[in-house]
Amino acid sequence: MTRKYDAIIIGAGVIGAPIAYELSKMGYKTLTVDKLADAGEGSTAGSCAIVRAHYSTADGVAMAYEGFKYWLDWENYLDHVKDEKGLARYMNTGSLLLKSQGHDWKKVKKNYNEIGVKYKELTVEEIKTMVPVADLHEFWPVRRPEDPTFYDEPTKMLEGAIFCPEGGYVNDPTLSAHNIMRAAEAKGATFMFNAEVVDIRTKDGRTAGITLKDGTQIDAPIVVNVGGPHSFKINKMAPGVWEGCNIKTKSLRHEVMYCPSPDGYDYLNDGYHMSDGDVGCYVRPEVGNTFLIGSEDPACDPKEWVDPDDFYAGKGGLGRDNVLTEAQWQAQCFRFGKRVPDLPVPNQPKGVVDLYDCSDDWIPVYDKSDLPGFYMAVGTSGNQYKNAPVVGRMMAELIDACEKGLDHDKEPFQYKFKYITRSTNVGFFSRKRQINRNSSFSVNG
Amino acid sequence: MKLFVCVKHVPDSAAHIAIIDHIRIDENISFLLNPYDEHALTEAVRIREMNPGSEVIAVCLGKADAEKTLRSAMAMGADRGILIKTDKRHDSIETALALKTAIEQDGSPALIFTGKESIDDQGMQTLFRLGALFDFPAATNVVRLDIVSGKAVTDTEFSGGVVSTYEMSLPCVIGAGKRLNTPKYPTVRDVMRSRKSPIQAFEFSDLNMETPKARMEVIELIPYIQKRQPKEITGSPSEIAQKIVEILKNEAKVL
Amino acid sequence: MTKHVGVIPELDGRGLKEADMGMITLARQKDTHLFALVLDGSDETLKEKLSSYGVSTLVDIRLAGDLQHNPEVRAKAVIGAVKKFGISAVFGLSTARGKDLLPRIAALLESPLVMDCFNVDLEANIAETSRYSGKTLAKIKVTGPVPIFGIRPNAKEPVREPVSAKIIQFDAGAIASTQLRVVKTGETGKGSKISLAEAEIIISGGRGMKNGENFTQLFQCAEKLNAAVGASRVAVDSGWVPYALQVGQTGEKVSPKVYIACGISGSIQHFAGMKTSGMVIAINLDTAAPIMSNCDYYAVADALEVVPELTKLLEKSACVT
């Protein structure tokens, strides 16, 4: 049995759903397939859903700032669609970037100026009034608790911080993907769940469709890989696509910890999102008045590249199957515990383990491929959640332009932002690019 | 006053348990301080604060790696630790004897605290065996402890909200329940402060104990496999409720 | 040779419990003579009932009046009877009371003890229980005098096997407990608040509960079920219930015997907190919700209509039995 669509999107996460939405709005008959049971149930669900503008490249800052505007305007973006599950909420906390050796904050500042991001520079004293629980000594370099020097007394103070009043997080990332799915459906999009793709079929050197695990074949001249941590496996299913990428992706295991806020501090309501390169952590508030503590992947931490199918099947013993590792629990919580000395660290780890779809330079690949009709939005490296609505629109326009004859590899598509007055060269995200040395090579992008 | 707290190094309840050779588990998983022991420690520290000059000593029978659990205990307020190192898994009978011998070597206890059970073996008896070996009274699932004129007054909680108040002579053994207190988790400062706290470690064999006559020995471990086969319950809301009651009663046997 | 096996029934206000009869059925094995060790008074009715499940001798243990509720005294009295009647194994219930009695007996007798057994083979001296929060089953071989088995309530279906029985009075003698004194026993007040981590039954609510007020339904039902109330992240995030009730990856991880999910879709994050539950019953209007295909029983219904019915039924049944 075959069914025919104009475009098939593989992956109903927070990046896949907006691509379906925008293509549908442009008149494409789309089908989004996902191996899981509902939208946003994959690595989207494990996302910290942080919305902040500091990136190491001007394009990165521009896109994040543009994305922020979408989250502010969420109901409009969804064209006031009704979702029986309710709408995801953007929580504006403001965003602190501590000035430290762990971040190239001078570059961030330059990018902010270039893009016009609102910000304020703070002294240590000013930070202290905003975050009274913080110890603002410099703890650099980031170390592991197994290292005896981890406990050395600090001697210097930090320089200060860059504060963006515009920043925060989305309270329910899964729900946000679900919202976009409902919006897309209202524009005629179809979503299919519990449907695992096992093959990308071609005909006469062009994309012809997909084959599902149960043998179902679905035809479409356009297929978009938005498979998240599975993206590299899907690229390998399409003839010539993996080989044609200079920038490759693979899946990286990543842990996020939850620690209760110190007694008497209402982090949930009074706290800020904070990127703290000095101790290699980022934090945001979470329900239950807890600190959600993510890692900025310092060089001293082991990187564990895993097979996504094995990971999600819970195979492999230690640390798999959504189980945090004790060593990393201590590393992240104790590091952040230096910044907040009253942070209680429970003996039992609590948090989230999921996968990043990580590219070679931690900058995503938003591109066509060497197989006509096959596109990809991959390598989102734990930092693209906030950009999802922008990416949806950009990818849809890129696909449409390429299908109408644009040779994007030769003449890169220029995407014009909707909210901020600026265009971005989509060639920046090319699969053919050389590794971008300006990248932070971390979740910071 | 010497306040001893017996702590156990147990697999994280969230860890995936894999069985090797039908008899033991793959220990390449996270181990941590038994959660009930957190309450025992918190209570011991509280008693210490009320009795200046007292000392909280955490005692653990476990593999060398159990030092981590003692470190957690010390970060939560224990002054020092005693580690009885063993590669074997001992039953409650031998465990109680080893703990008793080690405690006795260290001094006379004023109070001994344990969790009411460990989350791995769930034997629920070590505290009573300790009591019997010392000839101390013991109480389990303690949700309140007061020291009143040289006696321990405790509430033991039973199901349905029923509580028995016991008065015990000192020394005695307290099996801490979840509602005894709210554990105060350590901060990095606490971890740093306790990093240098002493741990006295020795081998199980150094205790020169006689092997007890009675034994409980695990001869087989079988994974509890849950392959759920959903069955539909149909009918009106009241019919559905009726069927759920029957399932709870006859199949799940919880009513 | 006939083994003398002691069973300790746990009497409530109305006499023998269903769980006692299951426990006795399990104790009744090849070549056994069952002695019921009764601590709270015996009569002909009790004898009739016990004998219909195979108890041949009812030992009416007499304790000095005010010491009847002292667990130390009770343990010593049982030990007296064990010695007097040459009992070689003891069965009791792994209930809250049993957990305060059986380990005391084992400790004083220096006997092996396995709690929370769901099966016992007296010939091989092997008990089956669970380990690692219910994630594994374990077979335990016991060696030593008078092994003691705490049987998980209702682990065994009671099967009648009438025998003729006699009552023997056993005076436990003067047991002075100088070390432990029962000051009082009483209710703590408004029902028990069972913690999520320890509850045998959890009834949990999610998006389908629609608002915080509707959670009252769950609390009422939980009280009748002797259950704890849980919640999905959505319910907590919406401010319907406090964070302490959250079950899931970032909340409590629970392993109750029964998990009743009301209006919970069952995201991967929620499963991470309750997948080790014994039985999962889902009530949800959405047939496509992931939990409906990953549970033991599901009802396509509005939890807000089913839960009050459930509470009503449980109220009724509490009056009848």
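This is a predicted model: local features need pLDDT of at least 70, side-chain atom pairs count only at pLDDT 80 or more; totals for chains, interfaces and linings use all residues.
On the side of α4(B), the contact involves B:Phe128, B:Arg129, B:Gly131 and B:Ala132, which meet C:Pro103, C:Arg104, C:Ala107 and C:Leu108 of α4(C). Five residues of this contact are nonpolar, one is polar and two are charged.

Chain C contains eight helices and 16 strands. The C-alpha trace of this chain spans about 60 × 40 × 35 Å along its principal axes. Chain C has 321 residues, of which 58% count as buried. Among the contacts in chain C with a separation of 6 or more, 67% are between residues 24 or more positions apart.

In chain A, six strands form an open sheet with mixed pairing, in the order β10-β3-β2-β14-β21-β20. The edge strands of chain A, β10 (190-192) and β20 (365-368), each pair on one side only. From one strand to the next, the twist averages 15 degrees. Within the sheet, strands β2 (residues 7-10) and β14 (residues 222-225) of chain A run parallel and are joined by four bridges; A:Ile9 has A:Val224 in β14(A) as its bridge partner. Helix α1 of chain A (residues 16-25) packs on the sheet and touches β2, β3 (30-33), β14 and β21 (374-378) of chain A. The direction of α1 makes about 170 degrees with that of β3(A).

Terms used: Residues are numbered from 1 along each chain as its sequence is written. Chains are lettered from A and ligands numbered from 1 in the order in which they are written. Two residues are in contact if their C-beta atoms, placed from the backbone, lie within 7 Å. Helices (H or I, at least four residues) and strands (E, at least two) are DSSP runs, numbered from the N terminus. Ala, Val, Leu, Ile, Met, Phe, Trp, Tyr, Cys and Pro count as nonpolar, Asp, Glu, Lys and Arg as charged, and the others, Gly among them, as polar. A residue is buried if 20 or more other C-beta atoms lie within 10 Å of its own, exposed if 12 or fewer, and partly exposed in between; C-beta atoms are placed from the backbone. Two strands pair if DSSP finds at least two bridges between them. Axes are lines fitted to C-alpha atoms, for helices over the stretch in contact, and angles run from 0 to 180 degrees between N-to-C directions.
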